[in-house]
Amino acid sequence: MADNSFSDGVPSDALEAAKNASHTEKLTDQVMQNPQVLAALQERLDSVSHTPSSYIETLPKAVRRRINALKQLQVRCAHIEAKFYEEVHDLERKYAALYQPLFDKRREFITGDVEPTDAESEWHSDNEEEDKLAGDMKNKVVIAEKEAATAEEPNPKGIPEFWFTIFRNVDMLSELVQEYDEPILKHLQDIKVKFSDPGQPMSFVLEFHFEPNDYFTNAVLTKTYKMKSEPDKADPFSFEGPEIVDCDGCVIDWKKGKNVTVKTIKKKQKHKGRGTVRTITKQVPNDSFFNFFSPLKASGDGESLDEDSEFTLASDFEIGHFFRERIVPRAVLYFTGEAIEDDDNFEEGEEGEEEELEGDEEGEDEDDADINPKAAPVRRFLGSWLMFCYCRRSAPAVTVFSVRTEKEPSQPSECKQQ
């Protein structure tokens with residue numbers, strides 16, 4: 001029998017391998033001649049070989065040593081910047097004392113405790129001439145109506161539902177308010193911001209002042225936001241200004257049956273042995289704006305929060321900052337809606353500019369939102385802190401907020417009483 005394992009002294013397996021190799025080389029040559037494939041490979045190589053970290057690694061040891069010295073200088077700059085923001089906070093505290101008499105008079109006008117004088121009530125609008133012509137026509141109609149009408153125009157005390165109207169006008173706040181919260185918020189008379197005393201850790205307190213009502217006995221509900229203005233030891237280069245790191249609420253002394261933050265449900269239970277059924281009632285948490293005063297605590301001891309908790313906490317910080325920097329200083333403009341219109345116009349203009357200048361990156365932003373839909377609201381948080389505080393504009397710069405905290409006592413502070 002003829003031996004087929006060799007052909008002219010060459011093993012058949014070797015011949016088969018040679019054929020496969022030749023075929024592979026031909027396919028490789030065909031692929032490499034495709035310009036699209038070559039471009040994709042080149043782009044991949046460029047992205048790998050030209051990263052900043054890979055470039056630094058190629059530098060001589062002496063150059064890398066000097067770069068480390070620059071980083072030392074950068075850390076010192078971050079600490080100086082932290083001191084700058086501490087002085088900004090002191091300056092803000094100083095001017096808050098100058099604003100407060102005006103805010104106190106605002107409260108008196110809102111509650112009706114004081115009636116503004118004619119000089120204080122005078123306001124010239126941009127369309128004053130048109131208003132004057134329209135006023136003349138209205139006067140003629142009014143005179144005719146007064147002759148026929150006997151009832152006087154109602155004159156309510158102060159400005160009814162002033163703060164409640166602001167809650168309805170501002171989307172960020174109206175989303176928190178449930179239907180059963182509304183009668184309570186109609187008793188809200190004032191919101192104040194109190195800054196920490198000199199020499200004390202940086203913080204601010206929101207005070208919600210209520211008139212006597214049928215829901216709780218507290219005269220004032222408080223929310224304290226704790227801040228930090230120092231670079232993180234583990235990541236000093238991430239410092240971009242003061243950040244809120246934790247918050248404390250207060251205990252609300254609800255009157256019997258008036259606590260809107262809980263609801264009572266009935267549940268049937270069946271006894272395993274006897275088979276009898278009983279109905280029990282228990283209280284479970286309920287959605288309400290007043291949960292704002294029982295905030296989630298930032299974790300201590302270096303523990304990390306889960307994604308949902310971190311998002312909830314960051315949203316809480318955003319709302320507190322919005323009260324401090326927007327709602328309280330410009331309350332009348334949020335009542336009339338003028339501040340809301342300004343905010344909408346500013347945001348639309350900024351988005352339009354982004355589309356024009358950075359249109360190529362639009363797809364990337366959409367992809368990011370699809371991957372993590374919760375990231376977008378968090379990125380809107382503080383932005384440039386200094387710009388947000390003093391320019392009174394929506395934050396143009398955007399930073400991802402990270403929760404950093406020191407361990408704090410879990411028991412919330414008691415609400416202040418008048």
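Helices (H or I, at least four residues) and strands (E, at least two) are DSSP runs, numbered from the N terminus. The model is predicted, so local features need pLDDT of at least 70 and side-chain atom pairs count only at pLDDT 80 or more, while totals for chains, interfaces and linings use all residues. Residue numbers start from 1 along each chain as its sequence is written, and side-chain values use heavy atoms, leaving out hydrogens and water.

**Stop 1**

Select strand S3 (188-195) and strand S6 (243-248), the edge strands, each of which pairs on one side only. They belong to an open sheet of four strands in the order S3-S4-S5-S6, with antiparallel pairing; two strands pair if DSSP finds at least two bridges between them. On average, neighbouring strands here are turned by 20° against each other, direction ignored. Leucine 188 has phenylalanine 210 in S4 as its bridge partner.

**Stop 2: helices across the sheet**

Show helix H4 (residues 61-111), which lies across S3 and S4 and runs at about 170° to S3. Contact means heavy atoms within 4.5 Å. Axes are lines fitted to C-alpha atoms, for helices over the stretch in contact, and angles run from 0 to 180 degrees between N-to-C directions. Then show helix H10 (residues 307-327), which lies across S3, S4, strand S5 (220-228) and S6, at about 75° to S4.

**Stop 3: an aromatic pair**

Select phenylalanine 208 and phenylalanine 292, an edge-to-face pair with 6.1 Å centre to centre and 75° between the planes. Ring centres must lie within 6.5 Å to pair; planes under 30 degrees apart count as stacked, over 60 as edge-to-face and the rest as tilted. Phenylalanine 208 is in S4 and phenylalanine 292 is in the loop between strand S9 (277-285) and H10, so the pair ties together parts 84 residues apart in sequence. The whole structure has 25 aromatic pairs.

**Stop 4: the second largest pocket**

Return to H4, which gives six residues, the largest share of the lining of the second largest pocket. A pocket is an open set of points on a 1 Å grid where a 1.4 Å probe fits, with protein on both sides within 12 Å along at least five of seven lines; lining residues have an atom within 4 Å of a point. Of the 28 lining residues, select those closest to the centre: Arg106, Phe109, Glu120, Ile159 and Val332.

Notes:
Phe/Tyr/Trp six-rings, centres within 6.5 Å; stacked < 30°, edge-to-face > 60°.
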